[in-house]
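Q: Could you take me through this model feature by feature, giving the general idea before each case?

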Amino acid sequence: MGNSFGNLFRIHTYGESHGKALGVIIDGCPAGLPIDEAFIQSELDRRKPGQSKITTQRKEADEFEIVSGVFEGKSTGTPISIIIRNQDQKSKDYSHIADKYRPSHADYTFQTKYGIRDYRGGGRSSARETVARVAAGAIAKLFLRNHNISFLAYVSQVGHLKLDKDYTQLDLTRIEDNILRCPDAEMAEQMIELIDQTRKNRDTIGGIVTGVIQGVPAGLGEPVFDKLHAEIGKAMLSINAVKGFEYGSGFDGVKLNGSEHNDVFYTDNNTVKTRTNYSGGIQGGISNGQDIYFNVAFKPVATIMMDQESINEAGDEVTVEGKGRHDPCVVSRAVPIVEAMAALVIADYLLISETNRI
């Protein structure tokens, strides 16, 4: 039913935006992994609502409880179950759209597919589901720490405002220095002002999150249908509001000739490297040991604080009122979600790589 992700390191998420709780079951986490609960909570805190003036004002502590799979602080090798209980639902905010289809939402498609839908905050289609992914991604990150693999993501564009530097020219230690999670302070200030003005105009705006994975060994990925970049792309495109994904040189690569775009190999202290990295750390669907970097495009949030014309379930023309608590721009809270999904892919493919040779 599309609620599970991964092969050997596999997750299954459950819960709705205004239900009692959300959660995740993680299957395939190796036994003996120290589970740092403070780290898991810190990851959830980066995603939680109500962080600043440029995010939704819904107040959720997003405190989690591990109910299985961990004993005396370590994973047991059995399924790890994590639950996050909802605390600040305001379902009455959605009673006005119980039988109406909000423009660009999943209301119509869910109703058509299932014949029933939870209209409270979008139910299962709500971005609140991603809290479970971040919890699972934190476990994946803990596992990958043992392999010196790290994940960073940051906001690189909001609307027309775009960083003109790539990640190698930025100080990525400054990502958390501002509420937007953009490592360029001057650009961050402009972006925040744009988002805040958009909010005051009762509208929304989109943006781009750039992800960087460092320390990935060469050899991860399957060469045909399950290429590493294809799985990362699937992971990113499964995130709510994502409209585009590119890795390496991406769409800009079409401007180059092959002689310019090819990444030339050389050795450095018996380590194979490339002089450029237009491939984005992946060649033939398999990691080559260089940094993996990619961009994820997020659309403007569909819920705007303006009245919009639409139809109801009977097909009658209606007006959808703009109500509720919503993000004017999702990118700042999307940063830990992008990292989490990337970590889940790499953890899975690292385990798969152990099965490739005798």
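A: Let us start with burial: a residue is called buried under 20% relative accessible area, exposed over 50% and partly exposed in between, computed with a 1.4 Å probe on protein chains only. By that criterion Asp327 is buried, with a relative accessible area of 11%. This is a predicted model, in which local features need pLDDT of at least 70 and side-chain atom pairs count only at pLDDT 80 or more, while totals for chains, interfaces and linings use all residues. Residues are numbered from 1 along each chain as its sequence is written, and side-chain values use heavy atoms, with hydrogens and water left out.

Q: Where is Asp327 placed, and which residues does Asp327 touch?

A: Helices (H or I, at least four residues) and strands (E, at least two) are DSSP runs, numbered from the N terminus. In these terms Asp327 belongs to the loop between strand S18 (317-320) and H7. Contact means heavy atoms within 4.5 Å, and, not counting residues up to four places away in sequence, Asp327 touches Ile54, Thr55, Thr56, Thr204, Val301 and Arg333.

Q: With which side chain does the side chain of Asp327 make a polar contact?

A: A polar contact is a pair of N or O atoms within 3.5 Å; within protein, one must be able to donate a hydrogen and the other to accept it, and residues adjacent in sequence count only if both atoms are side-chain atoms. The side chain of Asp327 makes such a contact with the side chain of Arg333, at 2.7 Å. At the start of H1, a side-chain oxygen of Asp36 reaches to within 3.1 Å of the backbone nitrogen of Ala38.

Q: How should I read the packing of helix H1 against H7?

A: Two packed helices are described by the angle between their axes and the distance between the axes. Axes are lines fitted to C-alpha atoms, for helices over the stretch in contact, and angles run from 0 to 180 degrees between N-to-C directions. The axes of H1 (residues 37-47) and H7 come within 7 Å and cross at roughly 140°. Angles under 35 degrees count as roughly parallel, over 145 as roughly antiparallel, 65 to 115 as roughly perpendicular and the rest as oblique, and H1 and H7 are therefore oblique to each other.

Q: Which residues of H1 and H7 meet?

A: From H1, Glu43, Arg46 and Arg47 meet Arg333, Val335, Pro336, Ile337 and Glu339 of H7. For the classes, Ala, Val, Leu, Ile, Met, Phe, Trp, Tyr, Cys and Pro count as nonpolar, Asp, Glu, Lys and Arg as charged, and the others, Gly among them, as polar. The residues of this contact between H1 and H7 divide into 3 nonpolar, no polar and 5 charged.

Q: Is Arg46 buried or exposed?

A: Arg46, which lies in helix H1, is buried, with a relative accessible area of 13%. Not counting residues up to four places away in sequence, Arg46 touches Gln51, Lys141, Glu176, Arg181, Arg333, Val335, Pro336 and Glu339. The buried residues of H1, among them Phe39, Ile40 and Leu44, pack against strand S4 (64-68), helix H3 (130-145) and H7.

Q: In what order do the strands run in the sheet that contains S9 and S11?

A: Two strands pair if DSSP finds at least two bridges between them. Here 5 strands form an open sheet in the order S9-S8-S10-S16-S11, and the pairing is antiparallel. Strand S9 (161-162) and strand S11 (242-247) stand at the edges, each with a single partner strand, so one side of each is left without a neighbour in the sheet. Helix H7 (residues 331-353) packs on this sheet, touching S8, strand S10 (207-214) and strand S16 (292-298), and the direction of H7 makes about 145° with that of S8.

Q: How many bridges link S10 to S8 and to S16?

A: S8 and S10 pair over 8 bridges in the antiparallel sense, with Ser150 opposite Gln214 in S10. S10 and S16 pair, again in the antiparallel sense, over 7 bridges, and there Val212 stands opposite Tyr293 in S16. Of the 8 residues of S10, 6 are buried, so S10 is largely enclosed by the rest of the structure.

Q: What is the strand order in the sheet with S1 and S4?

A: This open sheet of 5 strands has the order S1-S2-S3-S7-S4, with antiparallel pairing. H3 lies across S2, strand S3 (21-27) and strand S7 (80-85), running at about 35° to S3. Ile26 lies in strand S3 and is buried, with a relative accessible area of 0%.
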